[in-house]
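Good morning, and thank you for joining.

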Amino acid sequence: MSKKSGLATKPDVIAGAPEGVTQTLANPDRQFSPGAPRSKFAAKDFTKEEREDLEKIYRYIRLTRETDDRLRKLFRQGRFYGTYFSAIGMEASVVVPAFFCEPMDFAGITHRELGCFLIKGMPMEQIFAQIFSREVSEEQAKTPPFFWGWTPARIMRHSSVLASQIPIAVGAALAYKMQDSGGCALCYMGEGATAKGDFHESLNFAGVHKLPIVFVILNNWYAESLPINLSTPVEDLSTRAEGYGFEGVRIDGNDTPLLYKTFKTAFARARSGEGPTLVQCDTYRWYGHSEIDPATYRPAAEVSRWMDNDPVIRIERWLNRQGWMSEPDFVRIKEECLKTIEDGIEWASAHKEPEAEVCMTGLYAEADGDYVNKE
Ligand SMILES: Cc1ncc(C[n+]2csc(CCOP(=O)(O)OP(=O)(O)O)c2C)c(N)n1
Ligand SMILES: [Mg+2]
């Protein structure tokens, strides 16, 4: 491979990887580094109500961090089936958009949106009932634990097929528009999913019809082991929006006040009939693609730079700088979160797994009309 072709001339040696593990990268000088660690926003930029919003959001960011951390440990203890996709390091980008959903707004998700379930109101007992495949859960063990949804808050049960949630979320937005209901759809995706046709077709349709939808790209720079520069030739995927006739913006996804302002505007735009917004949130997953991935394809220095850019610590420092909250508040809130989690685990553990026959129930809707089984 020649330099001229833009491809790597020699394999990149990955720091910390077992001997012999190398990776050929299209851009060996890539810099997946975090941006500015300080928010450009301060207390004066927020009203009293917005301050309350930010304090609530902080609680959910902390709750998401602690729940995620507990789930990683439970998986490693063999307490549930399947695998687990941690989003530690990405919490702010997941929680803030969902904060702006009304209770009945549709959310299209993939595999890292634990924070969306929490802020949209799924009780902790139900979270663990689902994870432990209990009969009291909505799924009743019909799906692997982390391929889930939550109907009461209209969080779509996602399939394993990447990007398949995008056209469905666009369909929900079309329904809101046709019904003139004031609803707004939210649709998350990883940066890897944007390379699929579903992404482009869906955004095109949403742009043509000016649908009430907010698209969020959770850019954590990797799709499993594939770095962004090998899945797409542009790093700023928000520029895709221009081709579909609506707004796109790329932001620091670990900056909670900035996320707040950005998504507040995007949801207001959608609800007032001005159409979709595409927001790329630059963030990072601290751990592997799932718990079975040691993630040795990432340089150790890159991982530690992003750990220093922790969204949880950043919002705590920011709230402290504004004089809104301080260390004792953070300690108390963390304790409250841990208690909620332990109570949820205890409640769910006390229930049984369903009988095998349950797996054949609730799979098909009742036929409406006599068109089935006709000659
Ligand atoms: C159509 C399709 N291709 C491949 C996969 C296998 N796969 C599952 S997750 C994943 C990576 C997804 O990357 P990204 O969209 O960036 O999300 P992230 O996991 O980084 O949050 C891949 C390749 C799949 N599930 N579906
Ligand atoms: Mg990714």
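**Sheet and helix packing**

Strand β4 (residues 185-190) and strand β5 (residues 213-219) pair in the parallel sense over 6 bridges; pairing requires that DSSP find at least two bridges between two strands. Helices (H or I, at least four residues) and strands (E, at least two) are DSSP runs, numbered from the N terminus. This is a predicted model, in which local features need pLDDT of at least 70 and side-chain atom pairs count only at pLDDT 80 or more, while totals for chains, interfaces and linings use all residues. Residues are numbered from 1 along each chain as its sequence is written, and chains are lettered from A and ligands numbered from 1 in the order in which they are written.

Within β5, Ile217 is the bridge partner of Met189. Helix α2 (residues 91-99) packs on the sheet and touches β3, β4, β5 and β9 (277-282), contact meaning C-beta atoms, placed from the backbone, within 7 Å. The direction of α2 makes about 175 degrees with that of β5; axes are lines fitted to C-alpha atoms, for helices over the stretch in contact, and angles run from 0 to 180 degrees between N-to-C directions.

The sheet is open, with 5 parallel strands in the order β3-β4-β5-β9-β8. Its edge strands, β3 (107-108) and β8 (247-252), each pair on one side only.

I turn now to the helix pair. Helix α4 (residues 124-131) and helix α12 (residues 327-349) pack at about 50 degrees, their axes 8 Å apart. Met124 and Phe128 of α4 are among the residues making this contact, as are Ile345 and Trp347 of α12.

Note on methods:
Two residues are in contact if their C-beta atoms, placed from the backbone, lie within 7 Å.
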